[in-house]
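I opened this entry to record what I looked up in the structure. Notes follow in the order I took them.

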Amino acid sequence: MQRSLPMQPTVVLLREGTDTSQGNPQLLSNISACLAIAETLSSTLGPRGMDKLIVNERGEAQITNDGATILKLLDIVHPAARTLVDIARAQDAEVGDGTTSVVLLAAQLLKEVRGYIEEGVSPHIIMKGFQKASHLALQRIKELQVSVDKSDPERFRALLLKCASTSMSSKLIHSEKPFFSKMVVDAIECLDQDDLDDSLIGVKKIAGGGMQDSLLVRGVAFKKTFTYAGAEQQPKLFHDPLILCLNVELELKAEKDNAEIRVDAVADYQAIVDAEWEIIYRKLQAIEKTGAKVVLSKLPIGDLATQWFADRDIFCAGRVAAADLRRVIQAVGGSIQSTCSDIKREHLGTCGIFEEKQIGGERYNIFEGCPKAKTCTLVLRGGAEQFMEEVERSLHDALMVVKRAVRTGEIVAGGGATEMELSAFIRDYAYSIPGKLQLVMAAFAKALEIIPRQISDNAGLDSTDILNKLRMKHANGEKWYGVDVDGTSGVRDNYEAFVWEPSLVKSNAISSATEAACLILSVDETVRNPQSEAQNPGPKAPPGAAQRALRGRGRGMPRR
């Protein structure tokens, strides 16, 4: 008779309620989550892409077709799908454009190999194939990219205008591409060409007017700050004024602390009050001696100082935002002073013209003709608040694209042309190697076709027919042929049609998408703590707190 085996003791490793799922089903579940995100974003790609209206928990609506913005607003909780949010954010921060493309590409890579995963192919073989194909694609981009000669300023400016125009073609403002492209290129040319710090480009939104009423201020513009009585008597226009920027409070302070001063006579009290006035007058006289005609401060400038400056024909503004003050310094020169004593001429800035003028329903302080201008301000006009926010996001993408083009000066054709060329190149290479890697690299090549396919679908064209035409063109060596959403044939030479993008947009998107796909393929188990599912309720209230809180709400206090 066979002896029964002793029962194995149960080993409890994880807390009760912990959810663990592993193996192929978990991997396929993660791929499905990524595909669900890509499906949401896919309709926003290309010049005929649709917009999304997203309403947050406070009821605020935003209309956008920027991939990174949509993913940020969707508040995705699936742990694997959050990887796609991260790559979209990284693409937005690094290049500014191509955020939707990078998410679609990563999801399509996973979709193409899902069948191999189900058949039991090791994820490591797939990852190796993806990395090899990505390396080949990046090398091919370097061979394809066209370097633009920066020595000819007119030609280089024309290139930047084309890059800005291509970036805007899928945005809400595509109907005003020539107007905004010029504005974006002028804004980038205002910056220090060695540094290109885009944080020095200020963007101000003023409701009312049309898009064509937007303007570029080659200097600084900021909204009129809160002012006291006397501000209307100050002059609002200066030519070549000296400008003083302060981090000093110019007002009589009401004592916040319970300070106690013992005085024996009324005269002693008067001496204390006089001393306070004497201090502020000394500061104001020191400022007047500098010869400054425009005084800006990060801290408040009170009614006494405002009136004093008005009597001497000096303009002042207090509580100026730190970012605006920093841009003023960049434009006019000088430095921010934290004291009113010992201010020399080199601490002051100057500009050609300073004026306060009405733009729409707001008053703005504008500094133009600045000698050291390494900054500028875009003043955007439009009807709805959501519309102006989307214009700002579209201009941010265009600014980043132009900035990268200035840095590198290397471009490729857009409209799916580069992806089709890379796809043909990788497919040819895949057929020359044996084994499973051939299948994986062919899947990578097929995944690249999602970009021209989706652009065609969104434009209402027959994507199968267009892809067949493009494959034939690229097989015949016509490497810049891409999708044409306006023409009758549906394909054209996008390089000749000036649909240009910085090559960095493409290379960054392919490397980021490959990394994200490999990361998701390398995960075979998810362990989820039950606490991470529940909302954190915060610390418990002490016993009896609820009863005490209810007292006094119209019920009267109980007698003791």
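How much space lies in the largest pocket? I read off about 810 Å³. I am working from a predicted model, so I keep that in view for every entry.

**Pocket lining.** I listed the residues around the largest pocket and got 45. G46, P47, T166, S169 and G415 lie nearest its centre. Next I sorted the lining by residue class. It divides into 13 nonpolar, 19 polar and 13 charged residues.

**Cores.** I turned to the nonpolar cores. The largest has 68 residues. Within this core, F130 and L521 have the most contacts. Helix α4 (residues 99–118) supplies the largest share of the core, ten residues. I noted a second, separate core too, with 34 residues. C163, C376, L399 and W500 are among them.

**F130.** Which residues does F130 contact, leaving aside neighbours within four places in sequence? I found L109, V113, V440, F444, T514, A517, C518 and L521.

**Whole chain.** I finished with the totals. The chain has 18 helices and 21 strands. Of its 560 residues, 46% are buried. The chain exposes about 28700 Å², and carbon and sulfur atoms supply 50% of that area. Residues 24 or more positions apart account for 75% of them.

Terms used: Residues are numbered from 1 along each chain as its sequence is written. This is a predicted model: local features need pLDDT of at least 70, side-chain atom pairs count only at pLDDT 80 or more; totals for chains, interfaces and linings use all residues. Side-chain values use heavy atoms; hydrogens and water are left out. Helices (H or I, at least four residues) and strands (E, at least two) are DSSP runs, numbered from the N terminus. Buried means under 20% relative accessible area, exposed over 50%, partly exposed in between (1.4 Å probe, protein chains only). Contact means heavy atoms within 4.5 Å. Accessible areas come from the Shrake-Rupley method with a 1.4 Å probe; for residues, only the protein chains shown count as cover. A nonpolar core is a set of buried Ala, Val, Leu, Ile, Met, Phe, Trp, Tyr and Cys residues joined through side-chain atoms within 4.5 Å. On a 1 Å grid over the protein atoms alone, a cavity is a set of points where a 1.4 Å probe fits but cannot get out, and a pocket is an open set with protein on both sides within 12 Å along at least five of seven lines; lining residues have an atom within 4 Å of a point. Grid points are joined across faces, edges and corners, and a volume is the space filled by probe spheres set on the points. Ala, Val, Leu, Ile, Met, Phe, Trp, Tyr, Cys and Pro count as nonpolar, Asp, Glu, Lys and Arg as charged, and the others, Gly among them, as polar.
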